[in-house]
Amino acid sequence: MKIVELEHGENRHVKLKIHSCKQEDFYIIDAKYSLLRCGDEVPEEEGTCNIHDKVIDTVINPKRTGMYHLKITYYILDETLIDVIEVKVT
């Protein structure tokens with residue numbers, strides 16, 4: 001699992017570079033994110049991501065210290081793909 005570390009109060013870009021294992025060309029149709037603090041049931045943040053060619057860019061600003069899961073859902077053709085990034089806020 002990918003891990004991002006932040007200091008409390010930081011506002012940071014998290015970027016995913018997407019590539020094809022088969023070296024095929026593709027287009028990311030849409031992407032959204034949710035930031036959920038571990039142990040909570042309701043996301044602290046949700047929204048849409050910026051897409052720059054094959055890079056998905058999300059800006060997060062966790063409100064509390066602790067561990068979070070940043071879930072990025074993106075769509076390519078008829079597929080829905082999900083990446084989860086662990087975020088540690090100290």
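User: What makes β3 and β7 a pair of strands, and in which sense do they run?

Analyst: Happy to start there: β3 and β7 run antiparallel and are joined by 9 bridges. Strands are counted as paired if DSSP finds at least two bridges between them, so the 9 bridges here qualify. As one example from this part of the structure, Ser-34 stands opposite Lys-71 in β7. Before we go on, please note that this is a predicted model, in which local features need pLDDT of at least 70 and side-chain atom pairs count only at pLDDT 80 or more, while totals for chains, interfaces and linings use all residues. Residues are numbered from 1 along each chain as its sequence is written, and side-chain values use heavy atoms, with hydrogens and water left out.

User: What makes β3 and β4 count as a pair?

Analyst: It is the bridge count again: β3 pairs with β4 (residues 45–48) over 4 bridges, in the antiparallel sense. In this pairing Leu-35 faces Glu-45 in β4.

User: Why is Leu-35 called buried?

Analyst: Leu-35 has a relative accessible area of 0%. Buried means under 20% (exposed is over 50%, partly exposed in between, with a 1.4 Å probe and protein chains only), so Leu-35 is buried. Leu-35 belongs to strand β3.

User: Which residues does Leu-35 touch, beyond those up to four places away in sequence?

Analyst: Leu-35 touches Pro-43, Glu-44, Glu-45, Ile-60, Pro-62, Tyr-68, His-69, Leu-70 and Val-87; contact here means heavy atoms within 4.5 Å. The C-alpha atoms of Leu-35 and Lys-71 are separated by 6.5 Å, although these residues are 36 apart along the chain.

User: What makes Thr-73 a buried residue, and where does it lie?

Analyst: Thr-73 lies in strand β7. The relative accessible area of Thr-73 is 8%, so it falls in the buried class. With neighbours within four places in sequence set aside, the contacts of Thr-73 are Asp-30, Ala-31, Lys-32, Thr-80, Leu-81 and Ile-82.

User: How do you know that Leu-16 is buried?

Analyst: The relative accessible area of Leu-16 is 6%, and therefore Leu-16 counts as buried. You will find Leu-16 in strand β2. Leaving out residues up to four places away, Leu-16 touches Lys-2, Lys-54, Val-55, Ile-56, Ile-72, Asp-83 and Ile-85. Lys-54 sits 38 residues from Leu-16 along the chain, with 8.3 Å between their C-alpha atoms.

User: Why is Asn-11 called exposed, and what does it contact?

Analyst: Asn-11 has 55% relative accessibility, so the exposed class applies. Asn-11 lies in the loop between β1 (2–6) and β2. Beyond neighbours within four places in sequence, Asn-11 is in contact with Val-59, Ile-60 and Asn-61. Asn-11 and Asn-61 are 4.6 Å apart, C-alpha to C-alpha, and 50 residues apart in sequence.

User: What makes the phi values of Gln-23 and Leu-77 worth a mention?

Analyst: Most residues other than glycine have a negative phi. Gln-23, however, has a positive phi near 60°, and Leu-77 has a positive phi near 50°. Gln-23 is in the loop between β2 (12–17) and β3 (28–37), and Leu-77 is in the loop between β7 (66–76) and β8 (79–89). Gln-23 is exposed because its relative accessibility is 70%; Leu-77 is exposed because its value is 72%.

User: How many helices and strands does the protein have?

Analyst: The protein has 0 helices and 8 strands, and its elements run β-β-β-β-β-β-β-β from the N terminus on. Both kinds are DSSP runs, numbered from the N terminus: helices are H or I with at least four residues, strands are E with at least two.

User: What makes the radius of gyration agree with a compact globule?

Analyst: For 90 residues, a compact globule would have a radius near 12 Å, and the protein has 14 Å, which agrees. The radius is taken over C-alpha atoms, and the globule rule is 2.2 Å times the number of residues to the power 0.38. Along the principal axes, the C-alpha atoms fill a box of roughly 40 × 20 × 20 Å.

User: What share of the 90 residues is buried, and what share of contacts is between residues 24 or more positions apart?

Analyst: Buried residues make up 33% of the 90. Of the contacts with a separation of 6 or more, 60% join residues 24 or more positions apart.
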